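Here's a quick walk through a protein model with a ligand in place. Have a look at the sequence and the fold first, then read on.

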Amino acid sequence: MFENLSDKLDRAFKVLKGQGTITEINVAETMKEIRKALLDADVNYKTAKTFTDDVKQKALGENVLTSISPGQLLTKIMNDELTALMGGTATEISFPATPTVILIAGLNGAGKTTFTGKLANFLKTQKNKKPLLVAGDVYRPAAIDQLQVLGGQIGVPVYANLESKDPIAIAKEGIAQAKQNGNNVVIVDTAGRLSIDEAMMQEIEQVKAATNPHEILFVVDSMTGQDAVNTAKVFNDRLDFTGVVLTKLDGDTRGGAALSIKSVVNKPIKFIGTGEKMEALDVFHPDRMASRILGMGDVVSLVERAQQQFDEKQAAELQKKIRKNKFDFNDFYSQIQQIKKMGNMKDLMGMIPGVGKMMKDVEVSDDAFKSVEAIIQSMTPFEKENPDSINQSRRNRIAKGSGTDLQEVNRLIKQFEDMRKVMKQMSNPAAMANMMRRMP
Ligand code: GDP
């Protein structure tokens with residue numbers, strides 16, 4: 001996410017890094033580079049100019065007061081200003097009524113239907129809501145199917161009326177059904193088009209008028225850069241939406257839409273999509289995003305992702321096993337599954353301070369665990385439960401069975417044993433305290 005932009009900003013900062021103080025001259029030079037980086041990221045010209053003017057003024061103003069280095073001062077100012085540019089604080093959706101009605105709008109291909117499913121999943125698992133999805137895209141039968149499949153996957157009911165071609169009636173029927181069945185949130189997916197289209201706008205205006213939604217979320221593909229911003233403007237002029245959803249941020253190396261949308265339409269980005277899976281949705285936090293863009297990582301989001309996947313009962317059991325040195329390959333396998341659920345690997349690594357920059361050219365595929373999984377799957381139940389039993393001939397068999405080689409199997413078993421040792425140590429408070437004392 002945003003690798004190109006981070007890289008270019010980093011280079012822009014270099015101008016100041018070797019300098020003792022901030023001067024009109026060196027700050028002007030740095031700002032020129034930063035503006036170039038922003039324009040390359042597809043941020044619109046006016047936004048980029050205002051932004052760099054503001055940063056420059058602050059840098060010159062604060063320069064006198066601080067004793068920190070120009071590089072550090074600029075990082076801090078950039079962090080504050082990028083945060084403000086993207087909206088300051090996170091804005092979540094609110095639930096003022098039962099049922100709360102949320103209308104989803106956007107062009108075809110933006111990721112509307114996928115987001116509709118992700119949002120329902122988020123509300124169900126993170127906010128304890130009972131959502132109902134309404135299939136309002138009557139022009140694409142495939143869209144109705146897609147929503148029904150997603151609903152099935154996440155265990156959320158879907159209201160569809162295959163007989164009807166009237167999205168307004170369908171939306172109303174959906175809300176009535178939600179009331180009847182005790183669903184406290186109704187998410188209405190609407191029809192899109194390939195481009196802005198008067199008939200589509202009129203239709204969605206009518207759906208809005210008929211349903212009185214509490215939230216209208218506009219979904220847009222972040223990879224389309226300034227186009228995303230322009231489309232947002234047109235939709236906002238007609239619909240006066242309450243928030244933006246930026247999808248496909250996992251593939252967006254530039255970040256122009258994320259940086260410009262708030263300043264152009266003055267509506268907050270509420271969610272970001274970071275993958276195709278139902279879990280790949282994050283509440284948008286401008287401060288955390290700023291920190292990621294500046295290569296400072298985002299530990300808070302990383303911890304939150306981990307917590308979302310964290311099953312307390314399972315963790316307690318695991319701890320017991322670790323204490324008794326009974327951690328086995330079954331546990332190892334289920335840990336891998338949990339990590340995989342946290343999301344795209346490269347994305348996760350980008351949240352660790354410093355690692356994103358280091359890893360930017362490294363191919364990290366989500367298949368990173370594939371051979372490890374194959375090796376574990378080729379073990380017999382007895383071997384999985386008794387890692388110490390895996391002798392040479394068993395290793396040979398496992399390598400063959402998993403389509404890997406002996407070296408890989410040996411490496412995995414060695415890693416597993418090392419991990420077991422560390423875990424055992426960490427589960428013993430005295431040993432842990434001892435270890436901490438020895439740290440520099
Ligand atoms: P709609 O036409 O607006 O309803 O778009 P869809 O929901 O059908 O999404 C279009 C394509 O984009 C599908 O292949 C989705 O899997 C994909 N997609 C949606 N959101 C994301 C995302 O956040 N990241 C990635 N990588 N793909 C996404």
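What follows goes from the overall fold to the ligand site, and then to a few local details.

## Ground rules

This is a predicted model, so to speak of a local feature takes pLDDT of at least 70 and side-chain atom pairs count only at pLDDT 80 or more, while totals for chains, interfaces and linings use all residues. Residues are numbered from 1 along each chain as its sequence is written, and side-chain values use heavy atoms, with hydrogens and water left out.

## The overall fold

The protein has 21 helices and 8 strands. Both are DSSP runs numbered from the N terminus: helices are H or I with at least four residues, strands E with at least two. Along the principal axes, the C-alpha trace spans about 70 × 70 × 40 Å.

Of the 440 residues, 48% are buried. Buried here is under 20% relative accessible area, exposed is over 50%, and partly exposed is in between (1.4 Å probe, protein chains only). The accessible surface comes to about 21400 Å², and carbon and sulfur atoms hold 52% of it. Areas like this come from the Shrake-Rupley method with a 1.4 Å probe; for residues, only the protein chains shown count as cover. Take the contacts (heavy atoms within 4.5 Å) between residues at least 6 apart in sequence: 73% of them join residues at least 24 apart.

## Around the ligand

Which residues come nearest to the ligand? Out of 17 around it, they are Gly-109, Lys-112, Thr-113, Thr-114 and Asp-250. To be near, a residue needs a heavy atom within 4 Å. The shell splits into 2 nonpolar, 9 polar and 6 charged residues. In that count, Ala, Val, Leu, Ile, Met, Phe, Trp, Tyr, Cys and Pro are nonpolar, Asp, Glu, Lys and Arg are charged, and the others, Gly among them, are polar. Helix 5 (residues 112-126) gives the most to the shell, with 4 residues.

Now for the atom pairs. A polar side-chain atom of Thr-114 sits 2.6 Å from a ligand oxygen, and one of Lys-118 is 3.4 Å from an oxygen of the ligand. The ligand taken alone exposes 580 Å², and the protein buries 80% of that.

## Asp-80 on helix 4

Asp-80 belongs to helix 4 (residues 70-85) and is partly exposed, at 38% relative accessible area. Its side chain makes a polar contact with the side chain of Lys-76 (2.6 Å). A polar contact is a pair of N or O atoms within 3.5 Å; within protein, one must be able to donate a hydrogen and the other to accept it, and residues adjacent in sequence count only if both atoms are side-chain atoms.

Most residues other than glycine have a negative phi, and most peptide bonds are trans. Where is the cis peptide bond? One joins Thr-98 and Pro-99, with omega at about -10°. Pro-99 lies in the loop between helix 4 and strand 1 (100-106).

As for phi, Asn-128 has a positive value near 60°. Asn-128 lies in the loop between helix 5 and strand 2 (131-136) and counts as exposed at 72% relative accessibility. Asp-240 has a positive phi near 50°, in the loop between helix 9 (226-239) and strand 6 (243-247); Asp-240 is partly exposed, at 48%.
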